[in-house]
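Q: I am new to this structure and would like a close look at a single part of it. Could you take me there step by step, and then show me what surrounds it?

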Number of protein chains: 2
Amino acid sequence: METAGSKLRELRQEKGFSLQEVSSVIDVDIAILSKMERGERKLSREVLEKLAELYKYDLKELLVLFLSDRILYEIKDEEVGEEALKVAEEKIRYLKTHQENRN
Amino acid sequence: METAGSKLRELRQEKGFSLQEVSSVIDVDIAILSKMERGERKLSREVLEKLAELYKYDLKELLVLFLSDRILYEIKDEEVGEEALKVAEEKIRYLKTHQENRN
DNA sequence: AATATATTTGACAAATAAAGTCAAAATTTA
DNA sequence: TAAATTTTGACTTTATTTGTCAAATATATT
């Protein structure tokens with residue numbers, strides 16, 4: 001299953017970067033990068049954005065993976081997970097039509 | 001929009017409980033209950049379960065609200081939120097068919 | 001209006017979780 | 001097998017969450 005981390009690893013390898021190289025460019029510890037790519041540590045939005053830029057890859061596409069990973073984490077072990085997803089969809093549409101996304 | 005908190009407040013009022021009463025029964029501080037009902041503090045699963053029992057209300061239904069609130073929180077300000085939801089749905093179906101929900 | 005009851009607010013402390021650092025171990029590549 | 005790369009784990013620091021409490025506010029009752 002494709003995650004933001006697995007996608008980032010794929011991109012890094014395609015570009016031929018080592019973790020060390022990436023680490024020094026974006027100033028994030030190698031160990032953390034390694035863990036983020038493998039999903040052992042939560043990927044931060046900040047790192048995601050830096051890597052999208054470094055790899056010249058569409059940030060939105062990565063964000064979709066990133067957010068769907070987080071959503072999945074909330075519901076993966078839940079019996080009612082799918083239903084919760086549907087309700088969340090209804091709610092987000094409601095928010096959009098009612099412009100209640102202030103601040 | 002209905003949230004787990006607003007539903008719990010509604011149920012409490014229907015049953016005629018005060019926050020104090022609920023507080024002493026389930027042993028959670030009044031201030032926290034007040035905040036949880038209004039969404040100012042994250043509702044915990046533990047409290048949700050205790051209240052479902054106290055109010056004799058379907059836990060699964062409350063869980064759907066609870067989880068959808070959490071999902072919404074992840075994506076509410078995101079341009080690609082809806083797309084992320086759809087991808088999350090695909091992923092959860094994938095996990096279900098591949099029984100990768102081990103542990 | 002005054003009192004009692006109920007709820008909300010905010011400041012603070014305690015507990016928990018997340019994020020960062022580093023070196024040794026393990027793995028992969030040349 | 002040596003060099004380069006990646007992974008692991010222990011540890012520290014920082015940030016977030018959770019709990020506690022009393023004062024402030026709001027709502028009900030008499």
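**Where protein meets DNA, and where chain meets chain**

A: Let's begin at the DNA. The surface near DNA strand D is made up of 5 nonpolar, 4 polar and 5 charged residues. Please keep in mind that this is a predicted model. There are 14 residues around DNA strand D, and those that come nearest are Ser18(A), Leu19(A), Ala31(A), Ser34(A) and Ala31(B). Helix H2 (19-26) and H3 of chain A, along with H3 of chain B, each give two or more residues to this surface. The most comes from H3(A), which gives 6 residues.

Two or more residues each are given by H3 of chain A and by helix H2 (19-26) and H3 of chain B. H3(B) gives the most to the surface near DNA strand C, with 5 residues. By class, the surface near DNA strand C has 5 nonpolar, 4 polar and 5 charged residues.

While you are by these helices, have a look at Asp27(A), in the loop between H2 and H3 of chain A. Most residues other than glycine have a negative phi. Asp27(A), however, has a positive phi near 60 degrees, and it is not a glycine. Asp27(A) counts as exposed because it has 8 C-beta neighbours inside 10 Å, and the cut-off for exposed is 12 or fewer. Lys56(A) is another non-glycine residue with a positive phi, of about 50 degrees. Lys56(A) sits in the loop between helix H4 (45-55) and H5 of chain A. Lys56(A) is exposed too, because 8 other C-beta atoms lie within 10 Å.

Next, let's see how the two protein chains are arranged. Two copies of a chain are related by a rotation about an axis and a shift along it. Here, chain B is superposed on chain A by a rotation of 180 degrees with 0.0 Å of shift along the axis, at an RMSD of 0.0 Å.

The contact itself takes 28 residues from chain B and 28 residues from chain A. On the side of chain B that touches chain A, H5 and H6 of chain B each supply at least two residues. H6(B) provides the largest share of that side, 12 residues. Sorted by class, the side of chain B that touches chain A holds 15 nonpolar, 3 polar and 10 charged residues.

Which residue of chain B comes closest to the rotation axis? It is Ile71(B), whose C-alpha lies at 2.9 Å from the axis. Leaving aside residues up to four places away in sequence, Ile71(B) touches Ile71(A), Glu74(A), Ala84(A), Leu85(A) and Ala88(A).

One of those partners, Ala88(A), deserves a visit of its own. Ala88(A) lies in helix H6 (residues 81-97) of chain A. Is Ala88(A) buried or exposed? Ala88(A) counts as buried because it has 29 C-beta neighbours inside 10 Å, where the cut-off for buried is 20 or more. Not counting residues up to four places away in sequence, Ala88(A) touches Ser68(B), Ile71(B), Leu72(B) and Leu85(B). For a sense of distance, the C-alpha atoms of Ala88(A) and Val22(A) are separated by 36 Å, and the two residues are 66 apart along the chain.

Ile71(B) also has a place in the largest nonpolar core, which has 42 residues. The members that touch the most other members are Leu67(A), Ile71(A), Ala84(A), Leu67(B), Ile71(B) and Ala84(B). Both chains give to this core: among the elements that contribute two or more residues are helix H5 (59-75) and H6 of chain A, and helix H5 (59-75) and helix H6 (81-97) of chain B.

A last stop is Glu78(B), in the loop between H5 and H6 of chain B. Glu78(B) counts as partly exposed because it has 18 C-beta neighbours inside 10 Å. Setting aside residues up to four places away in sequence, Glu78(B) touches Leu67(A) and Ala84(B).

Terms used
Residues are numbered from 1 along each chain as its sequence is written. Chains are lettered from A and ligands numbered from 1 in the order in which they are written. This is a predicted model: local features need pLDDT of at least 70, side-chain atom pairs count only at pLDDT 80 or more; totals for chains, interfaces and linings use all residues. Helices (H or I, at least four residues) and strands (E, at least two) are DSSP runs, numbered from the N terminus. Two residues are in contact if their C-beta atoms, placed from the backbone, lie within 7 Å. A nonpolar core is a set of buried Ala, Val, Leu, Ile, Met, Phe, Trp, Tyr and Cys residues joined through C-beta atoms within 7 Å. Ala, Val, Leu, Ile, Met, Phe, Trp, Tyr, Cys and Pro count as nonpolar, Asp, Glu, Lys and Arg as charged, and the others, Gly among them, as polar. A residue is near a molecule or strand if its C-beta atom, placed from the backbone, lies within 6 Å of it. Copies are superposed by least squares on the C-alpha atoms of residues with pLDDT of at least 70 in both.
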